[in-house]
Amino acid sequence: MGGLGSGGHNNKGQGLVEAHYRLDASQLKRMGAFAEGYDGRLTWQDANGMPGPSVRILGGSEAIRLEYVAKQTDGSWERRNEHIPLLTSYRNYGGAQTYFGCPGCATRVKRLYIGSARFLCRHCLGLVFTSSQERSVDRAFRRMRKLRRRVGADTGLEDPIGPKPKGMHQRTFDRLFNQILDAEAEVNDSFIPILARLQRFESAGRSGAGRRSQGFWG
């Protein structure tokens with residue numbers, strides 16, 4: 001079983017949240033890791049779905065301690081012993097939520113990610129979500145597919161919608177239907193400049209002008 005940073009998940013898509021192993025406060029609470037005397041281990045899966053790196057967790061009510069092996073920037077391996085403070089927020093109507101105090105900036109966060117051989121918040125590591133790098137048309141297309149699934153329709157752009165799913169209120173169906181139309185309109189609008197470039201490209205090809213100097217995306 002490799003250490004953290006030994007391959008697979010953490011080496012692909014550097015800078016993306018989804019490409020880094022993480023500690024989730026809600027998951028650790030379910031495991032009982034926020035109780036005094038807890039001694040357990042969290043094991044992640046590698047890129048092939050097999051057991052991968054793991055971290056030993058020594059629990060506590062005010063802090064937890066992590067023991068793990070991590071790869072350094074120079075390629076060497078180091079045994080790490082990380083102290084993670086816990087911060088508790090009490091709700092107005094009872095109950096409480098436990099957060100991590102990021103070792104890098106002390107910010108209250110629900111998730112920490114392994115990077116530079118330490119568990120830090122995504123802001124300290126400069127991580128972004130994959131969705132933030134998408135084009136607006138990509139987000140619109142993803143939103144359209146999600147909405148179509150909610151009303152039981154196929155996810156293609158020209159696929160018919162309806163009838164209303166059994167058990168769904170007509171007002172809800174109408175609202176989702178209008179949201180689908182808005183998303184489809186945004187997707188269709190994005191095709192207009194692409195079609196215009198295609199027409200210019202084909203026109204230049206027929207006339208023989210600009211074949212060498214201008215490509216489709218020019």
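Biologist: What makes strand E3 (residues 51–58) largely enclosed by the rest of the structure?

Modeller: In this predicted model, six of the eight residues of strand E3 are buried, so the strand counts as largely enclosed. Buried here means under 20% relative accessible area.

Biologist: Why is strand E6 called mostly covered?

Modeller: The cut-off is again under 20% relative accessible area. Five of the six residues of E6 are buried, and the strand is described as mostly covered.

Biologist: What joins E3 to strand E4 (residues 63–71)?

Modeller: Three bridges join E3 to E4, and the strands run antiparallel. At least two are needed, so E3 and E4 count as a pair. Ile57 has Leu66 in E4 as its bridge partner. The chain passes from E3 to E4 by a hairpin of four residues.

Biologist: How do you know that E6 and E7 pair?

Modeller: Two bridges join strand E6 (residues 96–101) to E7. The rule asks for at least two, so E6 and E7 qualify as a pair. They run antiparallel, with Gly101 opposite Arg108 in E7. Their hairpin has six residues between the strands, and there Ala106 takes a positive phi near 70°.

Biologist: Which strand pairs with E6 over five bridges?

Modeller: Strand E5 (residues 77–90) does, in the antiparallel sense. Within E6, Ala96 stands opposite Tyr90.

Biologist: What is the order of the strands in the open sheet?

Modeller: The six strands follow the order E2-E3-E4-E5-E6-E7, with antiparallel pairing.

Biologist: Why are E2 (39–45) and E7 (108–109) called edge strands?

Modeller: Each of them pairs on one side only.

Biologist: Which residues gather in the patch of positive charge on the surface?

Modeller: Arg145, Lys146, Arg149, Arg150 and Arg175 do. Helix H3 (residues 136–150) gives the most, with four residues. Arg175 lies in helix H4 (residues 170–207).

Biologist: Why is Arg175 called partly exposed?

Modeller: Arg175 has a relative accessible area of 42%. Buried means under 20% and exposed over 50%, so a value in between is partly exposed.

Technical notes:
Residues are numbered from 1 along each chain as its sequence is written. This is a predicted model: local features need pLDDT of at least 70, side-chain atom pairs count only at pLDDT 80 or more; totals for chains, interfaces and linings use all residues. Side-chain values use heavy atoms; hydrogens and water are left out. Patches are made of residues with over 30% relative accessible area and no salt bridge: like charges are joined within 9 Å, nonpolar side chains (Val, Leu, Ile, Met, Phe, Trp, Tyr) within 5 Å. Accessible areas come from the Shrake-Rupley method with a 1.4 Å probe; for residues, only the protein chains shown count as cover. A salt bridge is a side-chain nitrogen of Lys or Arg within 4 Å of a carboxyl oxygen of Asp or Glu. Lys and Arg count as positive and Asp and Glu as negative; His and the chain ends are not counted. The place of a charge is taken as NZ of Lys, CZ of Arg, CG of Asp or CD of Glu. Buried means under 20% relative accessible area, exposed over 50%, partly exposed in between (1.4 Å probe, protein chains only).
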